[in-house]
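Hi,

Here is the model I promised to pass on.

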Amino acid sequence: MKKWISLFVWCAVSASVIWLVVDRLPPQHNPFTHIAIDHPIGFATGSKLARMSTDRQQCIDFLDESDIEYTRLDDGDPEEACGFRNAVTLDQSDFPYSATLSMSCPLTSGLAIWERQSLGPIAEEFFGEVPVEIRTFGSYSCRRIYGRQTGRYSEHATGNAVDIEGFLFADGRTITLLEHWDNGEEEGEFLQALRNDACQVFGTVLGPEYNDAHANHFHFDMSQTGICS
Ligand SMILES: [Zn+2]
């Protein structure tokens, strides 16, 4: 009996200590706090965004609280490989895009956090200005991986992925993955810093280091593969 009481006390003390430590973590590292666009990117950002895929209202609340402008889209047929699930068209976030993006709500939320907490500050740090446009190859596309005739459908087929080609600045210059990723200069370092942050936001990040098919763009999606390349 004494042994069980000691074990109980030990467990209770350990749980209290763990809770005290977690409770003191800053919100970006604490998986139990509310997600907010003004929190820096941290260890818990990705897991909080991942939870939005099973909590539609939390995701929509996040967009509303973040002043993101969007239009909700009807769900497609769940029996079909292609179609939207819990998706929106992004009407306005911190940066304009070169094409209209219709994406899952969690991906839209992740992109908004990445814009605010990564793209903006890193562009300011490197160039003293922020881009005037994000160049994109788009989001929704009903196709299988790599456009093959057979095999698994891409995350693009449900609007759960977006491709980013590069960035346009006010003076007309563009920084693109194809031209600058590996140039050993500040443009390349800028793009690699963006990739590193993206890996803490999105469930999957594919870029030029992943394969030749991604030499000219970042692919961000919310499938939780943990690939960061
Ligand atoms: Zn893609």
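The buried residues of helix 6 (residues 186–198) are E187, L191, L194, R195, D197 and A198, where buried means that 20 or more other C-beta atoms, placed from the backbone, lie within 10 Å of the residue's own. They cover an arc of only 165 degrees around the axis, so they sit on the same side of helix 6; the arc is taken from the directions from the helix axis to the C-beta atoms. Their cover includes helix 4 (105–127), helix 5 (177–180) and strands 6, 7 (204–206) and 8, with contact meaning C-beta atoms within 7 Å. Helices (H or I, at least four residues) and strands (E, at least two) are DSSP runs, numbered from the N terminus.

Please keep in mind that this is a predicted model: local features need pLDDT of at least 70, side-chain atom pairs count only at pLDDT 80 or more, and totals for chains, interfaces and linings use all residues. Residues are numbered from 1 along each chain as its sequence is written.

Now to strand 5 (residues 161–168). Six of its eight residues are buried, so strand 5 is largely enclosed by the rest of the structure. Strand 5 pairs (at least two DSSP bridges) with strand 4 (residues 133–138) in the antiparallel sense over five bridges, and E133 faces L168 there. Strand 8 (residues 218–221) also runs antiparallel to strand 5, joined by four bridges, with D163 opposite H219. Three antiparallel bridges link strand 5 to strand 6 (residues 174–176), where T174 is the bridge partner of L168. These two strands form a hairpin with five residues between them, and G172 in the turn has a positive phi of about 95 degrees.

Best wishes

Definitions and conventions: A residue is buried if 20 or more other C-beta atoms lie within 10 Å of its own, exposed if 12 or fewer, and partly exposed in between; C-beta atoms are placed from the backbone. Two residues are in contact if their C-beta atoms, placed from the backbone, lie within 7 Å.
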